[in-house]
Amino acid sequence: MRNKRTISLLQYTSQLTDRLCRIGRERTAETYIASVRSFLKFTGDITTDLCNIDATTITRYNYFLKDKGLSSNTISFYIRNLRAIYNHAVEEGRISDTTPFRHIRATTSRTLKRAIDADSIRKIIGFNSRSDQTLKLATDLFLFSLYTQGMAFVDIALLQPSNICGEYLIYRRRKTGQQITIRLEECMRRIIESYKGQSERYIFPIIKGLNTRREYLSASHKINRNLKKIGEILQLPTPLTFYVARHSWASIAYSKQIPVTTISRALGHNNESTTRIYLATLDNSAVDIANKKVLESLSF
């Protein structure tokens, strides 16, 4: 069966990502764009047609990525996204399915440990930025993420004063839409107060204008670079990122024998049906106690 019309991979992906952005799936759109850029670097032809993507091409692309020395997780990331784009085109009737990915099995490996121990965290708490406000902001946001049960950077960036409800910080995870409730401890309040009045709309001076996605991405790259610099200065064993803050909270909580179900709820996980069933029966006070135990272990 021949396709009635041809369309380039780049053109179709542009149309698809525009639709995704309109329904709030910017992150998915960004991963698709990154994957297509990688594939077009391999083909060397930005006009590569969707119809010309066959099993031989995908197999060669897989070897191309391996020859570049990329990890199995990165290769899997590119292949999965490319397959998803191709499947979207098939479902929409834009092309006929020639099963080009039939010989490829996208595998992943366990990621390296991202958590750091309490001693490393104490070094960060005591870090003197020497009046460098960019390093101070990065330090404060990392610690705020840690103190708030591993809050994601995007959620920190979008926090508004209205998210503070008495003794609690209440927000919805950007990634899942799940509501998270955290008791405000003194260490969190100190950081919030130190940035009071620096933004008209948000708690932290990260996003200033209306193009929140672009500002968030730019700030994320800049702050992560500064976190890496702080880690190097302190000679920490793991490069600092917001994932490290999140993993560290979970690791310390687990070491304090806090139940896995409580940790899952604190982190806002909702992609495991069994975990959700158990979490539904927990009172939020269990999460409050869990976070207090983690903070107490850091000598607050």
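A residue counts as buried when its relative accessible area is under 20%. By that cut-off F153 is buried, because its relative accessible area is 5%. The model is predicted.

**F153**
- F153 lies in helix α7, which runs over residues 153–157.
- Leaving aside residues up to four places away in sequence, F153 touches L141, I206, Y216, A219, S220, I223 and F242.
- For one of these contacts, S220, the C-alpha separation from F153 is 7.4 Å, at 67 residues apart along the chain.

**Helix α1**
- Helix α1 (residues 9–22) has 14 residues and spans 20 Å from first to last C-alpha, close to the expected 20 Å.
- L9, Y12, T13, L16, T17 and L20 are its buried residues.
- They lie on the same side of α1 because they cover an arc of only 130 degrees around the axis.
- These buried residues pack against α2 (26–43) and α4 (72–91).

**Salt bridges**
- E92 and R19 pair at 2.5 Å, N to O.
- This pair joins the loop between α4 and α5 (E92) to helix α1 (R19), 73 residues apart.
- E92 is partly exposed at 36% relative accessibility, and R19 is partly exposed at 30%.
- K292 and E185 pair at 3.5 Å, N to O.
- K292 sits in helix α13 and E185 in the loop between β3 and α8, 107 residues apart.
- K292 is partly exposed at 40%, whereas E185 is buried at 12%.
- E30 and R27 pair at 3.7 Å, N to O, and both lie in helix α2, three residues apart.
- R27 is exposed, at 54% relative accessibility.

Technical notes: Residues are numbered from 1 along each chain as its sequence is written. This is a predicted model: local features need pLDDT of at least 70, side-chain atom pairs count only at pLDDT 80 or more; totals for chains, interfaces and linings use all residues. Side-chain values use heavy atoms; hydrogens and water are left out. Helices (H or I, at least four residues) and strands (E, at least two) are DSSP runs, numbered from the N terminus. The expected span of a helix is 1.5 Å times one less than its number of residues. Buried means under 20% relative accessible area, exposed over 50%, partly exposed in between (1.4 Å probe, protein chains only). The arc is that of the directions from the helix axis to the C-beta atoms. Contact means heavy atoms within 4.5 Å. A salt bridge is a side-chain nitrogen of Lys or Arg within 4 Å of a carboxyl oxygen of Asp or Glu.
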